[in-house]
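Me: I have a model open and would like to go through it with you piece by piece. Could you take my questions as they come?

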Amino acid sequence: VGLGKTIEAGLAILELMARGRARRILVVTPPGLMDQWQEELYEKFGLEFKIIGNASELSKAQTELPAGVNPWDALPRVITSIDFIKKETVRNRALRKRWDLVIVDEAHALAESGTPENPYRTQRTRLGRALREASRGLLLLTATPHNGYSHAFRSLIELVEPTAATFHGKEEDRRRRIEGAMIRRMKAQIKRRLSD
């Protein structure tokens, strides 16, 4: 929390855009953070994103385009709500055309639920898998990557790097696999002490 996830995401966007690898970008956030993401990406990076967080915003975006054009296909940069896009009909329409980069804030919401003995997939878990399949790049951001259940954490790692999502084997091999799929920032790493 408060360690600059939005800033790191913006830097990643700019770098991928400079390399010609990110033209179509989708940001998926909790509903209450859509405006914040839009403002920060514009103010700090000059990037304009259209918010489509519910049915009325989708309808408004549709009226601004020629008849029959899908806003999800036509708009190059979109911010949406995880609760809107998790609906199967919305998800199918939004992910029909491949995205170059998908960024998910509060990504722990995509993890499997339940217990190790009884894990299950939610609409959000299914959304995570669909986002992985519909994007060239997937960036998951969260301040809460682990809820104490290894199956939930494994399911997040699997979204980023399926080959790293096993916790079997030697400790050093497991750690190497996880570190290859995850970047962890601690407050001590970003704090700078001033002489006064």
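Predicted model: local features only at pLDDT ≥ 70, side-chain atom pairs only at ≥ 80, totals over all residues.

Me: How many bridges join β4 to β7, then?
Reply: There are 6 bridges between β4 and β7, and the two strands run parallel. Another of the facing pairs is I103, which stands opposite L139 in β7.

Me: What is the strand order of the sheet they belong to?
Reply: The order is β2-β3-β1-β4-β7, an open sheet of 5 strands with parallel pairing. The edges are taken by β2 (50–52) and β7 (135–141), each of which has a single partner strand, so one side of each is left without a neighbour in the sheet. On average, neighbouring strands of this sheet are turned by 20° against each other, with direction ignored.

Me: And β7, how many of its residues are buried?
Reply: In β7, 5 of the 7 residues are buried, so the strand is largely enclosed by the rest of the structure.

Me: OK, over to β1. Which strands does it pair with?
Reply: β1 is joined to β3 (residues 77–81) by 5 bridges, with the two strands running parallel, and β1 also pairs with β4 (residues 99–105) in the parallel sense, over 4 bridges.

Me: Are the faces of β1 covered or open?
Reply: Both faces are covered, with I25, V27 and T29 buried on one side and L26 and V28 buried on the other. That makes 5 of the 5 residues of β1 (residues 25–29) buried, so this strand is largely enclosed by the rest of the structure.

Me: Which strands does α1 lie across, and which ones does α2?
Reply: Helix α1 (residues 5–18) lies across β1, β3, β4 and β7, and runs at about 175° to β4. Helix α2 (residues 34–45) lies across β1, β2, β3, β4 and β7, and runs at about 155° to β3.

Me: How do those two helices cross each other?
Reply: The axes of α1 and α2 come within 10 Å and cross at roughly 60°, and the two helices are therefore oblique to each other. The crossing of α1 and α2 is right-handed. On the α1 side the contact is made by T6, I7, A9, G10, L11, I13 and L14, and on the α2 side by W37, E40, L41, K44 and F45.

Me: What's the make-up of that contact by class?
Reply: The contact of α1 with α2 has 8 nonpolar, 2 polar and 2 charged residues.

Me: Let me switch to single residues. Where is S81, and what does it touch?
Reply: S81 is in strand β3, and, leaving aside residues up to four places away in sequence, S81 touches V28, T29, P31, M34, I52 and G53.

Me: Is S81 buried or exposed?
Reply: S81 is buried, as its relative accessible area is 2%, and the cut-off for that class is under 20%.

Me: What's the phi of E106?
Reply: E106 has a positive phi of about 55°, although E106 is not a glycine. As background, most residues other than glycine have a negative phi. E106 sits in the loop between β4 and β5 (113–114), and is partly exposed, with a relative accessible area of 24%.

Me: And V160, where does that one lie?
Reply: V160 lies in helix α8 (residues 150–160) and counts as partly exposed, at 34% relative accessibility. The C-alpha atoms of V160 and G128 are separated by 9.8 Å, while the two residues are 32 residues apart along the chain.

Me: Last one, for the whole protein: how many helices and strands, and what share of the residues is buried?
Reply: The protein has 10 helices and 7 strands, and of its 196 residues 38% count as buried. As for contacts between residues at least 6 apart in sequence, 68% of them join residues at least 24 apart.

Conventions. Residues numbered from 1 in each chain as written. Heavy atoms only, no water. Buried < 20%, exposed > 50% of the residue type's maximum accessible area, 1.4 Å probe, protein only. Pairing = 2+ DSSP bridges. Axes fitted to C-alpha atoms, helices over the stretch in contact; angles between N-to-C directions. Contact = heavy atoms within 4.5 Å. Parallel < 35°, antiparallel > 145°, perpendicular 65-115°, else oblique. Left-handed = near helix turned anticlockwise from the far one by under 90°. Nonpolar A, V, L, I, M, F, W, Y, C, P; charged D, E, K, R; others polar.
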